[in-house]
Amino acid sequence: MEMRRRLAALGHAGLDLLFPPVCAGCGRAGHLFCPRCAQAVEPVPQPICARCGRPQPAAVAQCAACRAASARPLRLSRAAALHTSPLRQAIHALKYEQQPELAVPLARYLIAVFAEPPWAGLDATLDAVIPVPLHAQRLAERGYNQSELLAAALASAAGVALQPGWLARSRETRQQVGLDAAQRRANVDGAFVASAAVAGCTLLLVDDVFTTGATLHACAAAALAQGAAAVYGLTLA
């Protein structure tokens, strides 16, 4: 087994010499996500809503969007960074350009924000990290779930169990891109089903992008319907 790993590593090193990786952010050769682009990723600016993490003119316990929501299944949610260049290009490459290897360098932002408040103290209460699932058809087409790759790196760093099988997408949905907030909610309403294993557990949902929060909220609602104790959300951007 050790010999196989060494041979695989040599093979990858040889391929890198012949075909150097290209930065997903700027196109420079030599890195999957080069140091310059890594430093250019913009963290979510303060102040924010304490519940959903959206930037606000002043710090608030609940922003207007949170107060207007008829149901709030997520205990709280945060994003690690803004969906701006060069992170936007890297996420697109991870999702749509068959570059799953980008998950490891991009997960560093999730790991970094997870080491800060409000997660400090909450991490010890978590029973599982759960990625937002893809429908089986889309998973077959893409070959991997980018959210699961990100969640796996975070779970490993945090020492929390990864449980991708605890949540499933029960029906195919439209891409959320281009839909307004109401359409996004309707698109994912009832689209997820949780395993009975979530009962009594405190869960952290992980996804790549938070826009209106519709997908994370639908996932959390499914988990709570099966008896989860609490559900939190963390996204890359």
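This is a predicted model: local features need pLDDT of at least 70, side-chain atom pairs count only at pLDDT 80 or more; totals for chains, interfaces and linings use all residues.
**Notebook: a helix pair and a parallel sheet**

I started with the helices, and I see helix 5 passing helix 7 in a right-handed crossing. For handedness I go by the near helix: turned clockwise from the far one counts as right-handed, while turned anticlockwise by less than a right angle counts as left-handed. Helices here are DSSP runs of H or I with at least four residues, strands are runs of E with at least two, and both are numbered from the N terminus.

Residues are numbered from 1 along each chain as its sequence is written, and side-chain values use heavy atoms, with hydrogens and water left out.

**Helix 5 against helix 7**

Two packed helices are described by the angle between their axes and the distance between the axes. I looked up both: the axes of helix 5 (residues 103-114) and helix 7 (residues 146-158) come within 8 Å and cross at roughly 50°. Axes are lines fitted to C-alpha atoms, for helices over the stretch in contact, and angles run from 0 to 180 degrees between N-to-C directions. The pair is therefore oblique; under 35 degrees would be roughly parallel, over 145 roughly antiparallel, 65 to 115 roughly perpendicular, and the rest is oblique.

Which residues meet? From helix 5 I listed Ala 103, Leu 106, Ala 107, Leu 110, Ile 111 and Phe 114, and from helix 7 Leu 149, Leu 150, Ala 153, Leu 154, Ala 157 and Ala 158. Contact means heavy atoms within 4.5 Å. I sorted that contact by type and got 12 nonpolar, no polar and no charged residues. The nonpolar class is Ala, Val, Leu, Ile, Met, Phe, Trp, Tyr, Cys and Pro, the charged class is Asp, Glu, Lys and Arg, and the others, Gly among them, are polar.

Next I traced an open sheet of four strands in the order 1-6-5-2, with parallel pairing. Strands pair if DSSP finds at least two bridges between them. Strand 1 and strand 2 (128-131) are the edges, each pairing on one side only. The average twist from one strand to the next is 20°.

Then I checked what packs on the sheet. Helix 5 does, touching strand 5 (202-207) and strand 6, with its direction at about 130° to that of strand 6. Helix 9 (residues 214-225) also packs on the sheet, touching strand 5 and strand 6, and its direction makes about 155° with that of strand 5.

**Strand by strand**

Strand 1 and strand 6 (residues 230-235) are joined by four bridges. Leu 76 has Tyr 232 as its bridge partner, and Ala 79 sits opposite Thr 235. Strand 5 pairs with strand 6 over six bridges and with strand 2 over four. I followed Leu 205 both ways: Gly 233 is its bridge partner in strand 6, and Ile 130 stands opposite Leu 205.

Is strand 5 buried or exposed? Six of its six residues are buried. Buried means under 20% relative accessible area, exposed over 50%, and partly exposed in between (1.4 Å probe, protein chains only). Strand 1 (residues 76-79) is covered on both faces too, with Leu 76 and Arg 78 buried on one side and Ser 77 and Ala 79 on the other.
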